[in-house]
Amino acid sequence: MQISSATVSDRAQAQNFEPRSEATALAVPRPRSVEAVHGNSGFHWVGNGFFVSSYFPSEELPSERVSPFLLMDYGPSREFPALGSGKRGVGWHPHRGFETVTLAWEGAVAHRDNAGHSGIIGPGDVQWMTAASGIFHEEYHEAEFTRQGGPLHMMQLWVNLPRQDKKAPPGYQALLAQQIPNVALPAGGQVRVIAGEYQGARGPAHTFTPISMLDVQLRAGEELTVPLPASYNALAVVAQGRIASGSTSAGTGELVLFANDGQSVTLTASEDTHLILLAGEPIDEPIVQYGPFVMNEVAEIRQAMLDVQRGKFGPIPPDAED
């Protein structure tokens, strides 16, 4: 069963029987401090179409500090020349035990899986694929974009699933730009709410555990405050510009990890800034990752490999086999 952050919030309120004074209800949530600022890990190619930096997992950002997120590959804007023939991207490969979330700002990526889903991820779109019990998929630059060339700017996240949901049926959410609420800020910035809630706007993504995913544009001098439960892990990736939180600042290509010591995240832009804010309730379970499989036990990884060999992830469409 999928659990939205609204459901969790309603449950928490129902269990809180202590009366709240008006002053408490109107109090500004305590802002979190910055635990650390991390740079990227250098760049590498995924297939022949995605030039990215993997910010986590890493020794500096262990799984318990970024959970429920497992991996982040960020590809800043990069110009690709026109290609007369052939494809750029990653061919058919399996996944089990988690979700992939792809955000695009420039260019276009074509996605297809062997459960019958397909789509184009264009500027402003988000594609949320639930691998869960097992799926094959492929990701290539969209055909027209490949032939014409141009800039590609994207991010892919892996989001963990709780043990009870790792064997759920595969799923697919195509979240088009026009479906994502856009909250205008007083100084001219904006917040696109992909998952979770901000100022009454709720993101269209359905999640298994409480997650907040905000795509933010801030004007120079503009401040953003986002209330978050102290239990949520929270981080911000600066795609462009510079922000400050308290006495700590971070610029283009840096990731800000927040401590779990307050009920809000406050950021101030010192120049026009684009950032992605990620937060969520940690999944307090063992993680065993081997390549494209993320489970709780080593035996489950072995089983995933056997299931692929035995065809239990389903067939690859014949017209797409290499």
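A salt bridge here is a side-chain nitrogen of Lys or Arg within 4 Å of a carboxyl oxygen of Asp or Glu. By that rule there are six salt bridges, one of which joins glutamate 297 to arginine 163 with the closest N and O atoms 3.4 Å apart. The model is predicted: local features need pLDDT of at least 70, side-chain atom pairs count only at pLDDT 80 or more, and totals for chains, interfaces and linings use all residues. Residues are numbered from 1 along each chain as its sequence is written, and side-chain values use heavy atoms, with hydrogens and water left out.

**Salt bridges**

- Glutamate 297, in the loop between β26 (293–295) and α5 (298–309), is 134 residues apart from arginine 163, in the loop between β11 (150–160) and β12 (171–175); helices (H or I, at least four residues) and strands (E, at least two) are DSSP runs, numbered from the N terminus.
- Aspartate 215 pairs with arginine 192, the closest N and O atoms being 3.0 Å apart.
- Aspartate 215 is in strand β17 (residues 211–218) and arginine 192 in strand β14 (residues 190–195), so this bridge ties together parts 23 residues apart in sequence.
- Aspartate 215 is buried at 5% relative accessibility, and arginine 192 is buried at 10% (buried: under 20% relative accessible area; exposed: over 50%; partly exposed: in between; 1.4 Å probe, protein chains only).
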